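Here is a short report on one protein model. Keep the structure open while you read.

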Amino acid sequence: MARIVITGASGQYGRMATDKLIAKGFADDLILITRTPAKLEDREAQGCDVRYGDFDKPETLADAVRGAEKMLLISGTRVGARVPQHKAAIDAAAANGVKHIFYTSFVNVEENNPAIVTIDHRETENLVKKSGCAWTFLRDAHYADAMILNAGPGFIASGTWFTSTDGGREAMVWREDCVDCAVAALTQDGHENKAYPITGPNSENFEEVAAMLSKVSGKEVKLVETNDEGMYAHFDALGIPREPIDDQTVAGIPWNSDDMVSFERSIREGYLDICTDDVEKLTGRKARSVRELIDANAEFLKQAARDTGA
Ligand SMILES: NC(=O)c1ccc[n+]([C@@H]2O[C@H](COP(=O)([O-])OP(=O)(O)OC[C@H]3O[C@@H](n4cnc5c(N)ncnc54)[C@H](OP(=O)(O)O)[C@@H]3O)[C@@H](O)[C@H]2O)c1
């Protein structure tokens, strides 16, 4: 198997992808990039090649990618300001023997989409296409995990879910399904120069998801409709920064409100109402639903309700 270099290998997505590739017997083929190699000592012990690399120090990336033929470029976390970081990784890959770049993009990168995440993803896709490498775009929908497991306990604790989506729909997807698609694409032939919108199986609005959360947690989560200004005020009150700040989290989540308010608008305007069967096409099994994620984490969500005295 061609060697695969993975950026963001110490993150949630990267760890899951690495686990799955190792389970398939590819440990010796993996080169894992991190700014802190000590974080990946366990991977070294599993047979992976752990290397130092920093998107913000392009000069570190040539040595980091050398020897790989495929790159899994997991998008960085600095939403709205990732293009120079991604460019550094793409340039290093193209100049040092990588033949095929797999990039974790976003479900709809069309120019009119107001979600600011699309700017980075659209520009990065263009850079990858221009690099001379073959490309595969894994265009992930909104992770259900982020909404249900990260934000969900806050909705349950307060009993309210503020939104400006106005009934708009999206087909949230399990992060693990996205990772399974990446692993399939990386280890099968025939995915050159293809883009896959990777979504969950159902397009749902937040009213429907709030009802599922209420039912399973045992605590009513009421959807409260507001507008963009109301959303900013809500996020400001929670202490969430407007712009991304590296390695800063609020309630354990690395979020910023410019990203989230524009995301809600994108749902409201219908840009994320996209539902495909690409998980099944890539992995041979159906995508799992939001309801299945809620059911699989029912105890955790019930505990969030109990913690509030419900
Ligand atoms: N579709 C969605 O709903 C959704 C939701 C959440 C995230 N995402 C996407 O998934 C991506 C990965 O998320 P995650 O949860 O795995 O992130 P995470 O757990 O926060 O991990 C971030 C990773 O980025 C790496 N990194 C950060 N700054 C870097 C730099 N300057 N140079 C090199 N590496 C750097 C870190 O590596 P080291 O610290 O080891 O250097 C770490 O491995 C996100 O960035 C985002 O694009 C999508």
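In this predicted model, helix 6 (residues 144-158) packs against helix 13 (residues 298-307) at an angle of about 35°. Their axes lie 8 Å apart. The crossing of helix 6 with helix 13 is right-handed.

Which residues make the contact? Helix 6 brings G152, P153, I156 and A157, and helix 13 brings L301, A304, A305 and D307. By class, this contact has 6 nonpolar residues, 1 polar and 1 charged.

Now the ligand. A shell of 27 residues surrounds the ligand. S10, G11, T34, R35 and S75 are the closest. Helix 1 (residues 12-23) supplies the largest share of the shell, 3 residues. The table sets out the classes for both sites.

Last, the whole chain. The protein has 13 helices and 11 strands. Its radius of gyration is 19 Å, close to the 19 Å that the globule rule gives for 310 residues, so the protein is as compact as a globular protein of that length. The C-alpha trace spans about 55 × 35 × 35 Å along its principal axes.

How much of the protein is buried? Buried residues make up 46% of the 310 residues. Among contacts with a separation of 6 or more, 78% join residues 24 or more positions apart.

Definitions and conventions. Residues numbered from 1 in each chain as written. Predicted model: local features only at pLDDT ≥ 70, side-chain atom pairs only at ≥ 80, totals over all residues. Axes fitted to C-alpha atoms, helices over the stretch in contact; angles between N-to-C directions. Helix = DSSP H or I, 4+ residues; strand = E, 2+ residues; numbered from the N terminus. Left-handed = near helix turned anticlockwise from the far one by under 90°. Contact = placed C-beta atoms within 7 Å. Nonpolar A, V, L, I, M, F, W, Y, C, P; charged D, E, K, R; others polar. Near = placed C-beta within 6 Å. Rg over C-alpha atoms; globule rule 2.2 N^0.38 Å. Buried ≥ 20, exposed ≤ 12 C-beta atoms within 10 Å, placed from the backbone.
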